Amino acid sequence: MEIRFSEYSESLFDDVESRDLDRKTILEYGISGSHLMGFAALSVYQQYRKKIIKYDSVYILCGNGNNGGDGLALAFFLLQEGKESDVFLKKGKLSEESEYYKNLFLRAGGKILDLESELLSFGGENVCIIDSLLGTGFQPPIGEPYSSVFEKVRRQKKENPKRTFVLSLDVVSGFSEDSIPPFEVDALAEIGMKKWRNRFLSNQVKKTFHRIGFPISESKVSGPDSKPKKTLWKRIPDSLLKKYLKREEDSHKYKNGSLLLIGGSQGMTGAALSSLLAFHELGGGISLLLSPSEKTVRGVLKKDPSLMVDGIGDSSEILSRPFVKKASVFLLGPGLKPEECPVLDLPEDKYCVLDAGAIPAYKEKKLHEKTLLTPHTGELETLLNSKIRNTKQGISLATEYTKAHNLHILWKRHSSFLICPNGDLFFWEKTEPKLAVMGTGDLLAGILAFFLSRNLRIPDATQLSFSLLTNAAKRSKGFPTASGIRKLLQKGGN
């Protein structure tokens with residue numbers, strides 16, 4: 001069964017795109033803004049009802065934008081069940097939808113206090129604070145009365161961390177991808193569409209997603225005038241991955257994938273060998289390892305005499321080797337010193353993965369669209385000639401680089417980004433602590449080479465690689481070495 005990659009990914013929306021989709025839904029589909037606001041509040045109410053009603057005191061903090069309207073609607077639904085809340089609303093003109101739920105709440109017997117008043121203080125043995133202050137329209141800096149309110153929430157959470165539950169609606173007020181949250185949040189109820197900025201929150205924040213009828217599938221259709229897409233990858237289960245880990249009955253070694261690997265400087269044989277074994281143990285058919293170190297050549301042959309291993313020799317003759325001409329994918333860099341990396345005219349018809357020592361070696365070389373660079377943050381800074389101050393800046397610089405050089409960059413972090421030359425960006429959010437061990441980058445390089453040797457697109461091969469590696473780590477006991485994780489790669493697939 002073919003994997004439908006669209007079922008294991010979701011579109012991400014920046015603030016402007018979020019507001020555009022909101023307007024499109026209202027104008028083109030005839031769904032009123034008050035209905036959408038009600039859908040949002042009702043969905044959050046159903047998800048968090050049992051938790052909220054356990055608290056002695058509930059405070060709903062509302063701005064005068066539509067995010068505040070979500071809070072007013074939620075206050076109404078709670079009151080209908082008999083759960084009173086202290087609602088604080090910022091002064092100012094409200095939208096028609098927010099005004100509607102404000103009046104509903106008041107007619108049901110609710111009371112609203114001014115957010116700017118001195119009456120805002122959090123009392124009670126157990127306190128629930130619902131943040132619906134600032135939405136996708138917020139632009140820094142944070143002004144009054146919000147900065148004072150944020151300080152009160154921050155102080156309450158610090159002084160009573162176990163007795164205070166903070167829930168933000170849609171976004172955390174005042175937070176953006178290049179800042180830290182102005183107060184500690186326990187949970188986020190993301191509404192309608194998944195927001196780009198929310199991906200940068202700590203994994204300690206529990207996220208729930210509430211679909212309310214936005215036409216997400218139609219909102220990012222590719223076309224000549226379409227904006228670059230941002231996509232959140234989901235982990236693909238082993239039951240589907242196994243399709244790519246099988247060999248056809250009539251297959252032969254080249255059909256199963258052929259790899260040229262250049263790596264393994266002296267003292268770093270293990271890195272090249274780890275990539276090579278990952279490629280073969282997943283089902284890769286044939287490979288050639290070229291190393292600058294005779295010791296590496298001898299060591300690999302001692303480990304497995306069936307492998308093809310040789311010295312690099314004259315780099316000008318590498319591309320003329322018969323096997324190299326037939327290889328379906330090149331992997332350069334695992335365990336390789338930059339000064340020992342041969343700089344080749346990489347064939348445009350082959351996928352080429354540049355890892356570790358190959359990345360700086362090819363910095364000034366003209367590359368092509370089937371090239372994938374796999375730097376960690378330090379290597380990316382060297383490539384870009386710039387210190388990366390925050391994630392937003394790093395993505396911006398890397399995007400400019402991929403467009404200028406017509407290649408792909410996989411920025412390896414605790415949560416990673418694949419940046420494509422057309423500006424599309426893919427995000428792997430699923431962090432796995434067991435992968436925080438030396439050698440997993442070499443495993444990833446070998447896994448990428450395997451999937452690319454099966455002629456998968458770079459985005460698809462990358463998602464499959466992360467899924468396979470993460471699944472193997474999750475199956476392991478304790479905190480294994482990279483070698484221990486490698487031995488589990490096939491376990492779930494078969």
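**A loop residue and its surroundings**

Modeller: In this model, which is predicted, Ala-356 has a relative accessible area of 23% and therefore counts as partly exposed, since that class takes in the values between the 20% limit for buried and the 50% limit for exposed. Ala-356 sits in the loop that runs between strand β15, residues 351-354, and helix α11, residues 358-361. What kind of phi does Ala-356 have? Its phi is positive, about 45°, although Ala-356 is not a glycine. This deserves a second look because most residues other than glycine have a negative phi.

Where do they fall along the chain? Pro-141 is placed in the loop between β5 (127-132) and α5 (146-159), and Pro-145 is found in the loop between β5 and α5 as well.

Leu-259 is part of strand β11, residues 258-262, and its relative accessibility is 0%, so it counts as buried. Setting aside its neighbours within four places in sequence, Leu-259 is in contact with a list of residues that includes Leu-276, Phe-279, Ile-286, Leu-288, Phe-323, Val-329 and Ala-449. Glu-432, by comparison, is 173 residues from Leu-259 along the chain, and their C-alpha atoms are separated by 28 Å.

Ser-98 lies in helix α4, residues 96-107, while Leu-72 lies in helix α3, residues 66-80. Ser-98 counts as buried because its relative accessibility is 0%, and Leu-72, with a relative accessible area of 0%, is therefore buried too. When residues up to four places away are not counted, Leu-72 touches Ser-98, and among its other partners are Val-87, Leu-89, Tyr-101 and Phe-105. Ser-98, with neighbours within four places left aside, is in contact with Met-37, Gly-65, Asn-66, Gly-69 and Leu-72. The side chain of Ser-98 also makes a polar contact, at 3.5 Å, with the side chain of Asn-66. Val-297 is another matter, for its C-alpha atom and that of Leu-72 are separated by 70 Å, and the two residues are 225 apart along the chain.

These sites can now be placed on the whole protein. Its domain assignment gives domain 1, residues 8-210, and domain 2, residues 230-488, and the C-alpha centres of the two domains lie 43 Å apart. Between them, 15 residues of domain 1 are in contact with 19 residues of domain 2. Lys-227 lies in the loop between α6 (216-219) and β10 (230-233), and it touches Asp-14 and Glu-17, not counting residues up to four places away in sequence. Lys-227 is also 8.5 Å from Asp-424, C-alpha to C-alpha, although 197 residues separate the pair in sequence.

The largest pocket has a volume of about 640 Å³, and it lies between domain 1 and domain 2, because both of them give residues to its lining. That lining is made of 25 residues, of which Asp-14, Glu-177, Trp-196, Lys-230 and Lys-392 lie nearest the centre of the pocket. By class, the lining has 9 nonpolar, 5 polar and 11 charged residues. Helices α1 (15-29) and α13 (391-405) each supply at least two residues to it, and α13 gives the most, with 5.

Lastly, the protein as a whole has 16 helices and 19 strands, and 56% of its 494 residues count as buried.

Notes:
Residues are numbered from 1 along each chain as its sequence is written. This is a predicted model: local features need pLDDT of at least 70, side-chain atom pairs count only at pLDDT 80 or more; totals for chains, interfaces and linings use all residues. Side-chain values use heavy atoms; hydrogens and water are left out. On a 1 Å grid over the protein atoms alone, a cavity is a set of points where a 1.4 Å probe fits but cannot get out, and a pocket is an open set with protein on both sides within 12 Å along at least five of seven lines; lining residues have an atom within 4 Å of a point. Grid points are joined across faces, edges and corners, and a volume is the space filled by probe spheres set on the points. Helices (H or I, at least four residues) and strands (E, at least two) are DSSP runs, numbered from the N terminus. Ala, Val, Leu, Ile, Met, Phe, Trp, Tyr, Cys and Pro count as nonpolar, Asp, Glu, Lys and Arg as charged, and the others, Gly among them, as polar. Domain bounds come from an automatic or database domain assignment. Buried means under 20% relative accessible area, exposed over 50%, partly exposed in between (1.4 Å probe, protein chains only). Contact means heavy atoms within 4.5 Å. A polar contact is a pair of N or O atoms within 3.5 Å; within protein, one must be able to donate a hydrogen and the other to accept it, and residues adjacent in sequence count only if both atoms are side-chain atoms.
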